[in-house]
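Please read the following points with the sequence and the three-dimensional structure at hand. They are set out for a reader who is new to such models.

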Amino acid sequence: MNKTYPQPPALENFSLLQLSPSKPASKRLPQRGKQSLDKAIVPCPIEIERLGVVKRTNTPYIVYRTPYGRGCTFIARKYLIQSLLSLLGIRDRPGEPITGISISDYRLTVQQGETLYTLPDREVFDYLERQNQGAIEALQVKLLPEQILVWNPLNGHINQIKPDGCSCYETSDPQSFCKHQVAAHLCLRNQGWGSLGSYFKPNEEAAASPP
């Protein structure tokens, strides 16, 4: 069970999350463990203020605001790694397993093999917030050859995702992404796809089934 604290643990300006060597991670979503990407880590809407690492235990945590006040929750290293892999996939930058993560003011640096990606912290926060919200709403995904449909069983709304984005108002900015795209990408990953872009790649004969 996740532990929630009213105040965050001590955090310095720079933290390196230590990742133990392991065999290459699967592109598919992990199905075991206390935290998984299709389950909410906080059971209500959140607005993340900070992501940090407790150095003594090498444990990531998030500090956030909710409609009920502020909170701090530990997150599993595997959950953070898989979330960052999904974020990179949405940005059409899928690659090798993540071998290093460093967290500093305003940004995260992710290492995949010899490649380093720098992600603004707000982009990571947005992803984690929308992933959590999509899990709360239990968004359902249907894959079609030229579009992806995302159904919200709480309100009955259906949104369409196409190569140019989602039909919802949240993606009026072409650089942004919404909870529907997050849910669609998680569904694609679970079926072996690396990114939304690869699913919608033109002239792909098997556009409706994973390679």
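**Notes on the structure**

1. Tyrosine 127 has a relative accessible area of 1%, so it is buried. The term buried means under 20% relative accessible area, exposed means over 50%, and partly exposed lies in between (1.4 Å probe, protein chains only).

2. The model is predicted: local features need pLDDT of at least 70, side-chain atom pairs count only at pLDDT 80 or more, and totals for chains, interfaces and linings use all residues. Residues are numbered from 1 along each chain as its sequence is written, and side-chain values use heavy atoms, with hydrogens and water left out.

3. The protein chain contains four helices and 12 strands. These are DSSP runs numbered from the N terminus, helices being H or I of at least four residues and strands being E of at least two. Of the 211 residues in the protein chain, 46% are buried. Among contacts between residues at least 6 apart in sequence, 53% join residues at least 24 apart; contact here means heavy atoms within 4.5 Å.

4. How many aromatic pairs does a search of the whole structure find? The search finds three. In one of them, the ring centres of tyrosine 127 and phenylalanine 177 are 6.1 Å apart and the planes are at 50°, so the pair is tilted. Rings of Phe, Tyr and Trp (its six-membered ring) pair if their centres lie within 6.5 Å; planes under 30 degrees apart count as stacked, over 60 as edge-to-face and the rest as tilted. The pair links distant parts of the chain, since tyrosine 127 belongs to helix H2 and phenylalanine 177 to the loop between strand S12 (165–166) and helix H3 (179–190), 50 residues apart. Phenylalanine 177 has 3% relative accessibility and therefore counts as buried.

5. Tryptophan 193 and tyrosine 199 form an edge-to-face pair, at 5.3 Å centre to centre and with 80° between the planes. Both tryptophan 193 and tyrosine 199 are buried. Ring pairs join Trp193, Tyr199 and Phe200 into a cluster.

6. Phenylalanine 177 also has a charged neighbour: arginine 130 lies over the face of its ring, at 5.5 Å from the ring centre. A charge sits over a ring if NZ of Lys or CZ of Arg is within 6 Å of the ring centre and within 35 degrees of the ring normal.

7. The axes of helix H1 (residues 77–90) and H2 come within 10 Å and cross at roughly 105°, which makes H1 roughly perpendicular to H2. Axes are lines fitted to C-alpha atoms, for helices over the stretch in contact, and angles run from 0 to 180 degrees between N-to-C directions. Angles of 65 to 115 degrees count as roughly perpendicular, under 35 as roughly parallel, over 145 as roughly antiparallel and the rest as oblique.

8. H2 and H3 pack at an angle of about 75°, with their axes 8 Å apart, and are therefore roughly perpendicular. Tyr127, Arg130, Gln131 and Gln133 of H2 make the contact with Lys179, Val182 and Leu186 of H3.

9. Two residues have a positive phi although neither is a glycine: asparagine 58, at about 55°, and alanine 138, at about 50°. Asparagine 58 lies in the loop between strand S3 (47–54) and strand S4 (59–66), and its 15% relative accessibility means that it counts as buried. Alanine 138 is in the loop between helix H2 (121–136) and strand S9 (140–143); at 35% relative accessibility, alanine 138 counts as partly exposed.
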